[in-house]
Amino acid sequence: MKSAGSGARRFRFLAAIGVVPFLGYVAFFLIIPAGSVMIQAFRDNNGRLSLSNLATVLSSQQPWLHSYVVSLELSAVSALIAAVLGLVGTVALVSSSNLLARRLVTTACGVLANTGGVPLAFAFIATIGNAGVATHVLAEIGFNPYDHGFSLFSFTGLVIVYLYFLLPLVVLLTLPPVEALRREWREAAATLGASPRSYWQKVGLPVLTPPLIATLMVLFMDAFAAYATAQALTTGSVPLVPIEIGALLAGNVVSNQANLGDALGFGMIVIVVAAGVLYVLVQRRTARWLR
Amino acid sequence: MLAAFAAVTGSTASAASASSSDACWATAVNLASCGGMSTLIAAAKAEGTLNLTADPDTWANYGNIIKDFGAKYGLKINDFNPDGTSAEELSEINLDHGKSNEPDVVDVGPSFAEEGVHGVPGSFKGPILARYETAEWSEIPAAWKSPVGYWAYDYSGVMSIGYNASVIKTTPTGFASLLLPEFKNAVGLSNSPTSSAAGFSAVYAAALDNGGSLNNILPGISYFKHLNAVGNYNPTEAGGAGDAPMADKTVLATLDWTFNQLSWQKELKAQGIDWKIVIPKGQPYASYYAMAISAFAPHPAAARLFLEYMYSPTGQNLWMEGGAVPATITAMEANHTVSSAALAAVPALSEAPAIASQSQSDKAKNLVVADWASAVG
């Protein structure tokens, strides 16, 4: 009895040591920088404690509040579209009996969900930029999207580019809950006379709602924090918070405004933490269904 | 008499002990401080290395400058962050103490040079730059240098239009030309004016052309608002990340420094694109960068030797051959030390360029930061 207890304790101790590198990594690259951002956000340019940066961020005379609105809109719209289209894709994938196709798609999704940055921006410029290949083909057949109000270098353009890495993420995130929908439930519903439509309305979607909300939160946070792609495409003409922070912290024009950049970063941390808390709460509920 | 005395003691000290000469150069404020040019060269050679930062090969001829300077004095030249910004250069001085990539010399926007002198309360204490006056110090106009020797303007770009003459058949003459339908979706900046000095200067230059002045940048913001409204402004990074947007014809014209246009011209020629450069009609607009030595330079002698070289006619001509206008240009013209290659590289200007003072440009920056996104959004 005693020996078993100390064995378990030793195992726990070893496990704790195993976690140390991870904790160190998180401390150095997440907690300490985030802490520094939060401290600097509350200091004025003379180093004194102050709410002046936050007041500037929230002032209606300044452009910053508007950039939060645009950032939130872009992240929400991209996340919603990705979730709807992605869920349809996942359901189709799970219903498919072709195992090879399923494996290929999930592997591809794993890769594509992690594509981003400047290369992605250039790939889209080369395809549907104003001088892109697809744009050229469309113009040849008499429909140049740029003559009809479309531009890659706009809010709409960014939504399209973001979908490129958000959609595969939805498939990866919704695959486990959709697979957990048991065939017996559908059969039972059908036996009792439910149409496919009412099955989804009364059984499928309610069961999927918690994991879907969790997925939405992940998508939202992913889109909200994206920087390099949007910077390469729009350089702030679609005013997103990360781009504004970049200009304040690491630009060639504005000097002496780093604390304001930190205050903008603090606002992003608050929003991401809120989304994260919602994610954890919903995720707990989801876990029940996936057991 | 005192100066002669200082020079004598300086040279005695360096002659007495070669190893202490490097320590002497770490605080030297001019050549005479530690025994003159030959001792400086010897000390720099003993250091063997110079660390630059944010000086890309394609920017203002730095590629050739680094090659020539390194070969002339047998030094290894590093640039660990060629695409860095002014803000990053100051951060490197502050954060990279004792690391192998700590910079010796920085080349920054003037407001950042002043920040390096005075520090940023709550962030870092100034000065983080070293005082040093090169042999040609007196040839730099008084308004273009730190009164106590922390920094001096080094070279300027002149705002110019570069355009793809393989596609665009009518030569643009000024800002109004870029509003024409043939530039649909295709007029770019290297980056947002809130982030790039060239972008900011394009707005300033547009202001001068549209009824504004160095004290009033608003007409420049209105110009870009109009450019965006007619569908010609393309916000992609045209030049910030290289010439790719120009090479694939996403961008057919850019507003940028003469020296960047010249370097794109060379690169695009290889891809069959005839990139032409025009100074917009009216008063030209120019803006200088400032060079300074880090107070903590790991190679203090090499750093000072690099500044001596850059402010001598050799270095000034090399910047000019890259399309930049050097700080001692007036003196060089008087002394007939401008090389013919340098004269050929910089387009002739119709009149002296407008150059904003720091207070003028600080005021303009605040307006651009406040209004830019809503103007082109």
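Student: Which backbone oxygen does the side chain of T174(A) reach?
Tutor: This is a predicted model, with local features needing pLDDT of at least 70, side-chain atom pairs counting only at pLDDT 80 or more, and totals for chains, interfaces and linings using all residues. Residues are numbered from 1 along each chain as its sequence is written, chains are lettered from A and ligands numbered from 1 in the order written, and side-chain values use heavy atoms, without hydrogens and water. T174(A) lies in helix α7 of chain A; helices are DSSP runs of H or I, at least four residues, and strands are E runs of at least two, numbered from the N terminus. At 2.7 Å, its side chain reaches the backbone oxygen of V170(A).

Student: Is T174(A) buried or exposed?
Tutor: T174(A) touches L87(A), T90(A), L212(A) and T215(A), leaving out residues up to four places away in sequence; contact means heavy atoms within 4.5 Å. Buried means under 20% relative accessible area, exposed over 50%, partly exposed in between (1.4 Å probe, protein chains only). The relative accessible area of T174(A) is 2%, so T174(A) is buried.

Student: How many residues apart in sequence are the parts that E179(A) and R102(A) tie together?
Tutor: The two side chains meet in a salt bridge at 2.4 Å, N to O. A salt bridge is a side-chain nitrogen of Lys or Arg within 4 Å of a carboxyl oxygen of Asp or Glu. E179(A) lies in helix α7 (residues 155-180) of chain A and R102(A) in helix α4 (residues 99-112) of chain A, so the parts are apart in sequence by 77 residues.

Student: Which residue of chain B pairs with D147(A) in a salt bridge?
Tutor: D147(A) is exposed, at 56% relative accessibility. It sits in the loop between α6 and α7 of chain A, and its partner in the loop between β7 (152-164) and β8 (187-189) of chain B, so the pair joins two chains. At 3.7 Å, N to O, the partner is K184(B).

Student: What is the relative accessible area of D96(B)?
Tutor: D96(B) forms a salt bridge with K99(B), with the closest N and O atoms 3.4 Å apart. K99(B) is partly exposed, at 44%. D96(B) is buried, with a relative accessible area of 11%.

Technical notes:
A polar contact is a pair of N or O atoms within 3.5 Å; within protein, one must be able to donate a hydrogen and the other to accept it, and residues adjacent in sequence count only if both atoms are side-chain atoms.
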